[in-house]
There are 2 protein chains.
Amino acid sequence: MKSVFLNGQIVPGESATVPIFDRAFLYGDGLFETLRVSKGQPHLWDEHFTRFSAGAKVLGIALAYDSTGLRKEVYKLLDANGSADAVLRIQLSRGVGPRGYSPREAKSPVLVMSTHPLPTPPPSWKLATTSFRLPPLSPLSAFKTGNKLGHVLAKAEAEEKGADEGLLLTDGDHVGEGTCSNLFWIQLQTVCTPPEQAGILPGIMRAAVLRACEQLEIPVRQTTTRPDTLDQSAGVFMTLSTFGIVEANILDGQELSRSPITTKLREYFETPPKAVGVIL
Amino acid sequence: MKSVFLNGQIVPGESATVPIFDRAFLYGDGLFETLRVSKGQPHLWDEHFTRFSAGAKVLGIALAYDSTGLRKEVYKLLDANGSADAVLRIQLSRGVGPRGYSPREAKSPVLVMSTHPLPTPPPSWKLATTSFRLPPLSPLSAFKTGNKLGHVLAKAEAEEKGADEGLLLTDGDHVGEGTCSNLFWIQLQTVCTPPEQAGILPGIMRAAVLRACEQLEIPVRQTTTRPDTLDQSAGVFMTLSTFGIVEANILDGQELSRSPITTKLREYFETPPKAVGVIL
């Protein structure tokens with residue numbers, strides 16, 4: 001097993017533990033980020049760090065590092081693990097406190113970082129809508145919090161249906177997001193995606209795709225729709241930090257159209273124009 | 001520190017840890033129960049175990065004990081800790097699996113039990129409504145899952161306002177529940193409480209109070225209301241396993257009426273009629 005970063009130390013993964021009274025273990029009282037590392041560089045670091053530190057502020061958990069400081073620790077960990085191409089996971093927990101929900105006396109946060117093998121990007125995904133609903137927009141929607149049980153069970157439901165990824169709908173039965181990805185579809189040459197008001201996670205790759213569309217002069221619309229209209233669209237794709245863009249070819253057993261706009265966006269991220277400086 | 005139960009063993013609490021890759025730590029992928037123990041007996045054991053094992057089934061996590069088997073382990077732990085009067089916490093986590101939301105390969109659940117000092121019952125509570133909303137009714141609403149960040153932050157908000165307990169509203173701005181308690185109010189000699197459809201946790205003490213009302217021939221209505229109408233009611237109380245019934249005397253700085261029905265219910269639980277056999 002690889003080494004991990006645990007509160008400032010690089011330690012063997014096997015021996016990296018937290019007390020059973022840690023509040024992330026008890027209540028999901030923490031948050032995390034998942035980044036892609038390639039050629040030794042964490043992609044879109046500033047965006048991930050900004051979201052992570054904003055989340056820590058909303059949760060009221062002290063983050064002991066600034067962006068530069070934490071990035072240095074990331075390099076140390078990547079070095080220790082020889083991980084030039086990897087998935088990097090960063091997690092902050094409120095740590096141990098007295099029994100009960102009150103976070104008042106819990107003052108020793110736990111910061112963990114781990115590296116994981118970078119999976120082979122899938123050529124396309126089969127999607128399935130699931131019975132799980134996104135919670136309505138809240139101050140927590142904007143962050144990858146430790147409260148992901150709905151997403152876990154949605155993923156399980158999708159897998160039981162033979163799909164690669166599951167869609168969570170909004171409380172109003174409109175499309176929301178994938179369990180670990182944001183949803184896009186193409187209609188009338190326009191790239192559509194649900195707005196943040198739907199309670200979706202404002203994904204880092206989602207934002208990068210919206211910026212890319214602007215650069216490429218592809219019209220964008222933040223809107224929503226019912227899941228059974230997606231198979232009439234010109235194409236559907238998902239975005240996530242690990243893989244970038246993954247085209248969806250099936251939704252609930254229906255074949256989906258494949259749009260040249262998806263291909264154009266994928267190519268953009270594979271060979272970004274120098275002027276933009278987006279690396280993925 | 002007291003001893004704890006960890007996967008079948010009684011071990012010192014100091015050394016009881018879980019891997020940083022445990023899914024309850026990562027995603028809140030687990031569930032728990034909190035029980036009151038007095039004179040060496042866990043209160044309302046059957047009800048707590050029934051909810052816990054039903055939750056494990058919904059989450060798809062194997063629970064290695066039946067009610068009798070787990071109760072035996074509880075007695076061993078209480079013995080080891082000399083805890084005749086205590087709070088007992090039981091937690092089940094899905095354990096470690098590969099990175100990502102899919103629970104498919106995570107097959108080594110973690111079962112933890114710990115005892116905690118029984119706090120002195122408060123004479124009454126100051127309540128504050130909070131900005132946090134209950135997620136709409138879902139298959140997860142019925143259980144104490146590891147996803148309690150909203151309740152944690154609602155408790156923090158209430159404490160910042162100088163209150164003892166915070167109210168979470170529903171998405172439609174009606175009253176829902178307390179962070180760690182169910183809400184009741186009295187109107188026209190009727191005991192009112194939000195219905196399960198509001199997305200509340202169907203609390204064990206809540207159910208015991210509803211049964212007690214039937215026994216005492218007090219009319220009950222499962223309904224909902226806006227928080228600013230509670231101060232016009234004849235009385236407000238909260239229920240939770242640790243304390244039973246706690247009367248609320250203040251809501252958002254407004255003094256609340258105190259109803260003889262609350263007193264009657266408290267007395268009922270202090271000296272239950274033998275015919276009912278409810279112990280608390």
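Across the interface of chain A and chain B of this predicted model, 17 residue pairs, both at pLDDT 80 or more, are in polar contact (a pair of N or O atoms within 3.5 Å; within protein, one must be able to donate a hydrogen and the other to accept it, and residues adjacent in sequence count only if both atoms are side-chain atoms). The side of chain A that touches chain B draws two or more residues from each of several elements, including strand E1 (3–6), helix H1 (23–27) and strand E4 (30–38); helices (H or I, at least four residues) and strands (E, at least two) are DSSP runs, numbered from the N terminus. H4(A) gives the most to this side, with eight residues. By class, the side comprises 27 nonpolar, 17 polar and twelve charged residues, where Ala, Val, Leu, Ile, Met, Phe, Trp, Tyr, Cys and Pro count as nonpolar, Asp, Glu, Lys and Arg as charged, and the others, Gly among them, as polar.

The contact (heavy atoms within 4.5 Å) involves 56 residues from chain A and 55 residues from chain B. Between them the chains bury about 4,700 Å², 70% of it on carbon and sulfur atoms; buried area is the accessible area (1.4 Å probe) that two parts lose on being put together, summed over both. In chain A, the residues losing the most area to chain B are A:Phe25, A:Arg99 and A:Tyr101, together 19% of what that side buries.

Two salt bridges are found across this interface (a side-chain nitrogen of Lys or Arg within 4 Å of a carboxyl oxygen of Asp or Glu). One of them links A:Arg104 to B:Glu159, with the closest N and O atoms 3.4 Å apart. E3(A) and strand E3 (residues 17–19) of chain B run antiparallel and are joined by three bridges, and A:Val18 stands opposite B:Val18.

Within chain A, the domain assignment, which is automatic or from a database, gives domain 1 (3–116) and domain 2 (125–270). Their C-alpha centres lie 26 Å apart. Contact between the two domains involves 16 residues of domain 1 and 18 residues of domain 2, and the area buried is about 1,400 Å². A:Phe32, A:Arg36 and A:Arg51 supply 39% of the area that domain 1 buries against domain 2. One salt bridge is counted between the domains; A:Glu47 and A:Arg211 form a salt bridge with their closest N and O atoms 3.6 Å apart.

Residues are numbered from 1 along each chain as its sequence is written, and chains are lettered from A and ligands numbered from 1 in the order in which they are written. Local features need pLDDT of at least 70, side-chain atom pairs count only at pLDDT 80 or more, totals for chains, interfaces and linings use all residues, and side-chain values use heavy atoms, with hydrogens and water left out.

Terms used:
Pairing = 2+ DSSP bridges.
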